[in-house]
Amino acid sequence: MKAMRIALLGAGTVASGVVRVLQRNQDELCRRAGRGIEVVAVAARDAAKARRAIGETLALTDDFMGLATREDVDIVAELMGGIEPARELVLAAIRAGKHVVTANKALLALHGNEIFAAAQEHGVMVAFEAAVAGGIPIIKAVREGLAANRIEWVAGIINGTTNFILSSMRDKGVDFATALAEAQRLGYAEADPTFDIDGVDAAHKITILCAIAFGVPVQFDRVHVQGIRDLETADIRYAEQLGYRIKLLGITRRAEDGIELRVHPTLIPATRLVANVEGAMNAVVVQGDAVGSTLFYGKGAGSEPTASSVIADLVDITRLHTADPEHRVPHLAFQPGALADTPILAMPQVRTSYYLRIHVRDEAGVLAEITHILAEHGMSIDALLQRPSGEDDQHTDVILLTHETLEQRMDQALARIQALDTVLAPVVRLRKEELR
Ligand code: HSE
């Protein structure tokens, strides 16, 4: 049978992995897919750089649009990243009747609804396993493997750069800037690491997971995003003394009145498996009503791990492309006409528990005042530590863990606590999840 013909848009790290793994495993892939999978050409801006990535044999072009819409191409693999021109190329490929594979989480988080609607209209598939957690097959797991379940929540370490930085801060006791510099030196963090450390990359990914877990449109504009830039080593240490680790988690949860969708540094019990995911590794926990808790662990980035997901999508499309479009797996796991309009909750409506570090004057009645305010707002304290703050014996750090409450209540209580003249610095507030 004639091989499936692939156009690669982009010739960077992921494309080089795709080319290498397709060549290395071609017999195995042919046995799986039922026919060969062959790259017909690669589009790249810098030919010399592209040659170093993909070798000398494949045809190279700088005409991205020409390749994306070329008559003899079956699948366009968009591996260039960024919004434009990736969006324009993907939409053009879809309109030209090509199936699309993309690793581009930003594109899907921001324009997924438009892209999936176009794919539906033109009867083609858009596959995106590599867009979330690199080599971990989490999209397929949630969309297909867990299809029996009413998903309750998904929580993931879905950014390797920040996990590497947090691991260094904990292991070596270094501050954020030192850990970031080390991540950059070792090639884990980009020269401009903003999207990673400010939580935006994780927000793109949890937005996609939210859509396929709960059958709602992708809604990047509704995600609450907080990165790790302001995290202090002291809080990692105190959290540890209380039996917790701090991880940058993407969390999406089905709540009573809507869906929670958030990314922030989170205390999780040190005894949870996911708390022990260190360095640049990724892990996603999915809680389903039937299956209970499931954990998916692996490399969230890198040439061949990401290629592993891209090629799995190529195999899937090769197997399914002759199937009636109405009977393929829906892009967002639920039938397009059955997506729900369940609202994404604003942060004040979210329920979680908290870690507070309050730098206070060390005198009689200070702790009583703080606990009184928390009690007045209906909050119950779970644990308490008091530690010298290192300046002198006039000042101290009070560290509190609360039980679950509404974020709105915490906001109100914190405004009052912050206004006390015995509170000497901005209160550090981190969210805590038991992940039960
Ligand atoms: N920059 C991402 C990370 C990998 O650090 O995990 C690609 O999404």
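# How do we know that?

Modeller: Let's start with L435, which lies in the segment after β17 (428-432). Strands like that one (E, at least two residues) and helices (H or I, at least four) are DSSP runs, numbered from the N terminus. Keep in mind that this is a predicted model, where local features need pLDDT of at least 70, side-chain atom pairs count only at pLDDT 80 or more, and totals for chains, interfaces and linings use all residues. Residues are numbered from 1 along each chain as its sequence is written, and side-chain values use heavy atoms, leaving out hydrogens and water.

Biologist: What makes F116 and F128 a pair, and why is the pair called stacked, edge-to-face or tilted?

Modeller: Rings of Phe, Tyr and Trp (its six-membered ring) pair if their centres lie within 6.5 Å; planes under 30 degrees apart are stacked, over 60 edge-to-face, and the rest tilted. Here the centres are 5.5 Å apart and the planes at 45°, so this pair is tilted. F116 belongs to helix α6 (residues 105-122) and F128 to the loop between β6 (126-127) and α7 (138-145), 12 residues apart. The whole structure has two aromatic pairs.

Biologist: How do you know that R170 and E240 form a salt bridge?

Modeller: The rule asks for a side-chain nitrogen of Lys or Arg within 4 Å of a carboxyl oxygen of Asp or Glu. R170 and E240 come in at 2.9 Å, N to O, so they pass. R170 is in helix α8 (residues 160-172) and E240 in helix α12, 70 residues apart. E232 and R357 pass as well, at 3.3 Å. By this rule there are 37 salt bridges.

Biologist: How is the chain split into domains?

Modeller: Into domain 1 (4-134 + 303-336), domain 2 (138-299) and domain 3 (350-432). Those bounds come from an automatic or database domain assignment.

Biologist: How do you know that domain 2 and domain 3 touch?

Modeller: Contact means heavy atoms within 4.5 Å, and 19 residues of domain 2 reach 17 residues of domain 3 that way. Two salt bridges cross this interface.

Biologist: What makes up the buried area between domain 2 and domain 3, and how is it worked out?

Modeller: Buried area is the accessible area (1.4 Å probe) that two parts lose on being put together, summed over both. For domain 2 and domain 3 that is about 1,400 Å², with 60% of it on carbon and sulfur atoms. On the domain 2 side, Y238, L242 and L267 lose the most area to domain 3, together 40% of what that side buries.
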